[in-house]
Amino acid sequence: MAYDFIADRQELLIGGKRVPARSGRTFDTLNPATEEVVARVAEADAEDVDAAVRSARAAFEGEWSSMRAAERGHLMLKLADLIRHAQDELVELESLDSGKPVSAIRRQDIPAVLDTLVYYAGMADKINGQVIPTRGDALTYTVREPLGVVGAIVPWNFPLMIGMWKIAPALACGCTVVLKPAEITPLTALRIGELALEAGIPPGVLNVVPGFGKVAGAALVDHADVDKITFTGSPTVGRQILTGAAGNLKRVTLELGGKSANIIFPDADLDAAVKAAGAGIFFNSGQVCSAGSRIFVHESIHDEIVDRLAARAAAIRMGDPLDAKTGMGPLVSEVQMKRVLGYIDVGVKEGASLVTGGARAGSKGYFVSPTVFAGVRHEMRISQEEIFGPVAAVIPFKDEEDAIRMANGTVYSLAAGVWSGDIGRIHRFVRRLKAGTVWANTFGPTDVRLPWGGARDSGFGREHGDMAIENFTEPKVVWINTGR
Ligand code: NAI
Ligand code: MG
């Protein structure tokens, strides 16, 4: 089924119509497991982005924002139904385009996409204002109004899921969207755009403009008629977005990277801790913003944990992402593979001890073996910089103070985990860890009901939960003179 979709020409989706780029240009998207071209995709530039923004504006001024909120919710539920029916196709398409294993997409991404959509569909008609009494001669209250046209710029590590994290709350609030998928994984976004039309979501409400970040992404950021940019990606681009957004002072939400600490004390359930530490860094080939890339281990158990983690890493079944038994696929691109291999070289040169992995696997596809470095020191680059690959840095610590100092000692602040059987210690760490999310005796779970985001180089603002409603609406104060 995915093959039927990719056999078609992949055009932009603007105003409910599939259209080629005005320039006529296209680009190829590859399958990172085979390095073969999956599809040739229309390449949006500033003119196409402008057309998409115009159509989003027209849809916003028209049907969408004036439709009953409950009706918007119904259409979103219809979209959820269509996605459920198309899930086999979406799983395959996502896997072909990104190299993610089908088993993981089926188990994690698709359920999260549906959960997000259904959650916000239910919220569409529950966006309330407040009556706030001020004085006797007035009725004063607030209503929450949709912001308008939202530019959603999405990365390649969870194309469907992160896309839906942005689309669903924006639509629930009555905004319209121009979605710019990552240039290496544009296909499922285009399919979701088609399904949205099929669900009866009016043309122009969800536009999809594949293209390059510096061209299509930047055009969306610079556009004077876009009210909000919601972005997930690198801190470098996050900074560029802030600069671009200054033009018309558009609102910005940034979900950037991380270098999350996962701290293991000897009094923890070590079986569970090692299992979660492995999943925390190797899931999605380590291409996760909250990957537990720094595993802090008390010095008394350092060697034991390293051995057990290395055994887990070596046992991961790496291979064809389309095979349901595959546990780990390739990295998403050659650039990402080279970046990760570069960091592995850095780690070796810095004197960390390479315990397992550390090299490309095979010669076709961008596979890098799950890698464990032991005896890593806090100051090393592999402990400070986001690698975004299957590379664990195990760092010994002496005591609580030592662990806290190092855990909080990077430019990032997104998530952190702590493992201990001592409830007092857990609470001390919860209080002192600088992170948007702290996990205790687990690592990695998220839920659309809980706010998600970070601080410093991890960005600002929160997605998910009812916080997302604030991201896509603005309060309006109403003051009615009632006389005396
Ligand atoms: P990136 O930040 O360049 O790409 C993310 C999205 O931003 C893509 O859709 C891209 O087209 C767009 N973009 C790029 N330049 C832009 C610009 N000037 N204006 C507007 N949009 C722009 O990420 P990249 O280069 O693919 O990955 C580099 C590193 O970023 C990774 O190694 C990882 O460390 C981090 N990253 C973090 C993610 C997260 O989940 N927080 C996701 C993807 C990457
Ligand atoms: Mg691709």
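Tutor: We take the helix, then the metal, then the ligand. This is a predicted model, in which local features need pLDDT of at least 70, side-chain atom pairs count only at pLDDT 80 or more, and totals for chains, interfaces and linings use all residues. Residues are numbered from 1 along each chain as its sequence is written, chains are lettered from A and ligands numbered from 1 in the order in which they are written, and side-chain values use heavy atoms, without hydrogens and water.

Student: Which atoms coordinate the magnesium ion (ligand 2)?

Tutor: Donors are N, O and S atoms within 2.8 Å of the metal (3.2 Å for Na, K and Ca); water is not among the atoms, so sites may look incomplete. Here they are T29 (OG1), L30 (O), D97 (O), D97 (OD) and I184 (O), at 2.2 to 2.5 Å. D97 is in helix 4 and I184 in the loop between strand 8 and helix 7, so the pair ties together parts 87 residues apart in sequence. D97 is buried at 2% relative accessibility, whereas I184 is partly exposed at 25%.

Student: What does Q336 contact in ligand 1?

Tutor: A polar contact is a pair of N or O atoms within 3.5 Å; within protein, one must be able to donate a hydrogen and the other to accept it, and residues adjacent in sequence count only if both atoms are side-chain atoms. A polar side-chain atom of Q336 lies 3.0 Å from an oxygen atom of ligand 1.

Terms used. Helices (H or I, at least four residues) and strands (E, at least two) are DSSP runs, numbered from the N terminus. Buried means under 20% relative accessible area, exposed over 50%, partly exposed in between (1.4 Å probe, protein chains only).
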